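Subject: Structure handover

Hello,

My notes come after it.

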Protein chains: 2
Amino acid sequence: MVTEVSGIEQTATPSAPPGRRAGGRAARVARRGDRNSFPPPARFRRRVPTFELLDEEGLARLEAQADWILKEIGVEFRGDAEALRLFKAAGATVKGERVRFESGQARALCATAPRSFRMEGRDPASAITLGGDHIVLMPAYGPPFVTDLEGGRRYATLQDFRNFVKLAYATPWLNHSGGTVCEPVDIPVNKRHLDMVYAHLRYSTKPFMGAVTAPARAEDSIAMARLVFGEDYLEDHCVIQGNINVNSPLVFDETMSGALRAYAAANQSVVVSPFILGGAMGPVTQPALLAQSHAEAMAGIALSQLVRRGAPVVYGSFLTTMNLKTGAPTFGTPEASLSTFAIAQLCRRLGLPLRCGGHLTASKVADGQAMQESVASMMAGVLAGSNFLFHAAGWLEGGLTMGYEKFVMDLDHCGMMLRMLEGLTLDDNALAAEAYREAGPGGNYLGSAHTLANFEAANFDSALADTASYEQWDEAGRQDLERRAHRRWREMLAAYEAPPLDPAIDEALLDFMAREKAATPDQWH
Amino acid sequence: MVTEVSGIEQTATPSAPPGRRAGGRAARVARRGDRNSFPPPARFRRRVPTFELLDEEGLARLEAQADWILKEIGVEFRGDAEALRLFKAAGATVKGERVRFESGQARALCATAPRSFRMEGRDPASAITLGGDHIVLMPAYGPPFVTDLEGGRRYATLQDFRNFVKLAYATPWLNHSGGTVCEPVDIPVNKRHLDMVYAHLRYSTKPFMGAVTAPARAEDSIAMARLVFGEDYLEDHCVIQGNINVNSPLVFDETMSGALRAYAAANQSVVVSPFILGGAMGPVTQPALLAQSHAEAMAGIALSQLVRRGAPVVYGSFLTTMNLKTGAPTFGTPEASLSTFAIAQLCRRLGLPLRCGGHLTASKVADGQAMQESVASMMAGVLAGSNFLFHAAGWLEGGLTMGYEKFVMDLDHCGMMLRMLEGLTLDDNALAAEAYREAGPGGNYLGSAHTLANFEAANFDSALADTASYEQWDEAGRQDLERRAHRRWREMLAAYEAPPLDPAIDEALLDFMAREKAATPDQWH
């Protein structure tokens, strides 16, 4: 397997204080990390319209159905007395653990959340904005397995976790380091969050996610962020995020609502993500899922605002389908794409940053099925108007496996999507009247002055696509995309250089981790 | 290789006369040909909006630039005195072979073309409409090579041609039999059009394309169609089509304009398809290509209307990119998607049926690259509002190769796109209020009455996607999509049954071919 470039890491130089951290070297490293040129921040912006699937009447009907669910069925916050207390104080109807809202009440509670917010990285150049016309792309989240062409599928380790953080740092096409990029199952369950947060802080400068598997682990994650960014800095800067999966249908368990409260209380961002496979965690018809997902997201976002008015949130969604003969989840399906388009419209009417889409697939390998499903899912999310694309790289097997080859294949398509979002510039240069005067009918434009002046910036340059002739491809060993991707991620990892980190901060992080780890016995499940 | 089911073909029963041909058996065969249920005609309709990339100002600027090209640069019709005569008589400025149009003149000449038109198949159930909210999907056009997992890449033969006609007939996801689905290079160049037209007429009932490689071959194609549909039937029914590739930039050669005139004179449809790789047959910037493509399409469509006012036409386009370091064509690129969105808007403003999109790729094999590029290209075409998708199945290697596995992989995605175009139905059943009353928060919807009542029709059922568990997939031989597709096309071909054809018509066709073939010596280039 891959050798870490640990010698280079040890040469790390002290970083600048928060707000003035040195970005130059990291940016240069990132540039070298990919053969595509590093995109200026503007390349993570949407310059094209969104795809509007439903009309006003359809959207109003879904909103009314979401209100009906919140009023007639309600949402359960299980085992979280504080959440129930907050909802009751805000005027919701609380019976046992069931919370019901009058029509429009949950929506009104969401209104204090910011329309967009900035998230700081450990380097000023790594800051992102969530919301508006900004686009944030992050790796897959959660897989317990990894796979690559040589090693095959196996349980993920901390070494794999670090590799994916490094790959995400090295590419220009992701601007978020992710959260649980894979589960480091070689580390005890109750301690691995420390190693994960450390890896994001140590091996990357990009914004990242902390633990949500227990409120105390969320607190640990926030504490480590404070060691790096400064105790007070978090009060008015978002530097860490928690992804709160709703226990759909219509349930938040105490783990998730507790983690949500921890992040919101610290003024850090939560992403509220209903997770619905139609036919299991909700009805089999997509319109029902849309109303349900909207209801669940509003309930979670409302809680974040009751914990701390103005806390930054992202309106999440994860709506997909099942094979209804076997119960297996399916991805990149036409029904999932339609739901993606519609949920984005519902979110826009709330005026919040939107999470949907991603390179999703049920395939076990990085084959044609993987890319068919992934591209369909990603294009739907991008055209729908997603601000935040989870699982933008690496996802295989319905999220059970993180693929090394899939990771770089997806990266290439992320670059393409970002280029597409730039749209077309209709200026005199682009219309090229002079080129027609020069070449005329039947002419060849390859050598024209206009082509020479424009060819470098004209087209996205794929790092992986093979466009050679059949004969060249044959002579070069008939490599398919998966094989070329295998070489690519190894090259990227070998070229990785860690961004600098103040040794005093590093020591503080390692101290914190050692103390936390020593304080409790290992738990393995 | 595959054995033809020739015994079954010989049992063909007489067909009903034009307009009342027996559709029942063919429809049943088609149903058996795919595990997905045969879609009613409504499933080839668009029920979702189009994606509108450019605003009014941008579109007006592109139209003005197209007008500028037509006026200042002009279009050459080389070697076609009749075309030049027609343009001159219509008031265009003709100097030598160069035709120039005043602003708006070409657009005005296009105005007599129908907004949509019906194309008859050899069976009433196979009729299609081009234009409006109708969608027509046809196989790849033109590849001289074929490939499959066992036989590898080789020159295509008539046997391959017949196989692809049969596969296109057997699937519910294509409603057009295509034209040169592959080049039968084992048949002389000057005679193979006869065998191709015969194969479409004999082994399918779906609408098809005839020859365009010489005006005389176009006439032969039309003559064969008359033998099947009746001499007079073609006067007011469209049954055959010619695809007219423009010799971009801004040139129509006599072969293409002659074939165009032959089809238009017979009141049969032409598709006018500018074929532009940015940087070679036009400038490297997409906005220029859009204006150029629009100008070329209008010039060709204008000619069709001068030949016969009201002749059915399709506004075609084939806009893609090149790898500007090597000159190799590239597909499914973000620039190509943007151009697809924009050209569709320009066509809608002319009010004509639109051809764009398709499952395009530069990949040599049906791997992840093939599906990444193909799905991006197809989704762009579908969301752009394409009425007619060439190359919807089988395209590999930039159109040089027709892939058996790729063909069925693409078919599956055609089915998905057709499902997506159906959109969402927001009725009480889809909103499923009762299901929430039944299952409530935390419930499982798998067993709910609503799920049981809806699960069969809820989701598109892929014929190829593997959604089994890793363990099941592992035990079943770890087959990737390409391997599963290999089994699939062989099963489809083995199950193929030819639609009935009146033996007298069959004999007339074979007679015609024999006479034509005997009349001239073989030409091999």
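The notes below go from the whole assembly down to single residues.

This is a predicted model, in which local features need pLDDT of at least 70, side-chain atom pairs count only at pLDDT 80 or more, and totals for chains, interfaces and linings use all residues. Residues are numbered from 1 along each chain as its sequence is written, chains are lettered from A and ligands numbered from 1 in the order in which they are written, and side-chain values use heavy atoms, with hydrogens and water left out.

The two chains

The contact between the chains takes 112 residues from chain A and 112 residues from chain B, where contact means heavy atoms within 4.5 Å. The copies meet through the same surface, because 100% of the interface residues of chain A are also interface residues in chain B. Together the chains bury about 8900 Å², and 68% of that is on carbon and sulfur atoms. Buried area here is the accessible area (1.4 Å probe) that two parts lose on being put together, summed over both.

How many salt bridges cross the interface of chain A and chain B? The rule finds eight, a salt bridge being a side-chain nitrogen of Lys or Arg within 4 Å of a carboxyl oxygen of Asp or Glu. E335(B) forms a salt bridge with R419(A), and their closest N and O atoms are 3.1 Å apart.

Rings and charges

A charge sits over a ring if NZ of Lys or CZ of Arg is within 6 Å of the ring centre and within 35 degrees of the ring normal. The charged end of R153(A) is placed in this way over the ring of Y470(B), 3.7 Å from its centre. Within chain A, the charged end of K166(A) sits over the ring of Y203(A), 4.8 Å from the centre.

A pair of aromatic rings is described by the distance of the centres and the angle of the planes. Rings of Phe, Tyr and Trp (its six-membered ring) pair if their centres lie within 6.5 Å; planes under 30 degrees apart count as stacked, over 60 as edge-to-face and the rest as tilted. Over all chains the count comes to 38 aromatic pairs. Y436(A) and Y445(A) form an edge-to-face pair, with 5.7 Å from centre to centre and 65 degrees between the planes. Both Y436(A) and Y445(A) are buried; the cut-offs are under 20% relative accessible area for buried, over 50% for exposed and in between for partly exposed (1.4 Å probe, protein chains only). F77(A), F87(A), F101(A) and F252(A) form one aromatic cluster.

Backbone details

Most residues other than glycine have a negative phi, and most peptide bonds are trans. Which kind of peptide bond joins S248(A) and P249(A)? The bond is cis, with omega about 5 degrees. P249(A) lies in the loop between strand 10 (240-245) and strand 11 (251-253) of chain A. Helices (H or I, at least four residues) and strands (E, at least two) are DSSP runs, numbered from the N terminus. In chain B, the peptide bond from S248(B) to P249(B) is cis, with omega near 5 degrees.

The loop between strand 10 and strand 11 of chain A also holds L250(A). L250(A) is not a glycine, yet its phi is positive, near 65 degrees. With a relative accessible area of 0%, L250(A) is buried. R478(B) has a positive phi too, about 55 degrees, and is not a glycine. R478(B) is in the loop between helix 17 (470-475) and helix 18 (481-495) of chain B, and at 40% relative accessibility R478(B) is partly exposed.

Two single positions

G394(B) is in the loop between strand 17 (388-389) and strand 18 (395-396) of chain B. At 0% relative accessibility, G394(B) is buried. Beyond its neighbours within four places in sequence, G394(B) has contacts including A140(B), T401(B) and D410(B).

T520(A) is in the segment after helix 19 (503-519) of chain A. T520(A) is partly exposed, at 38% relative accessible area. Not counting residues up to four places away in sequence, T520(A) touches N190(A) and K191(A).

Regards
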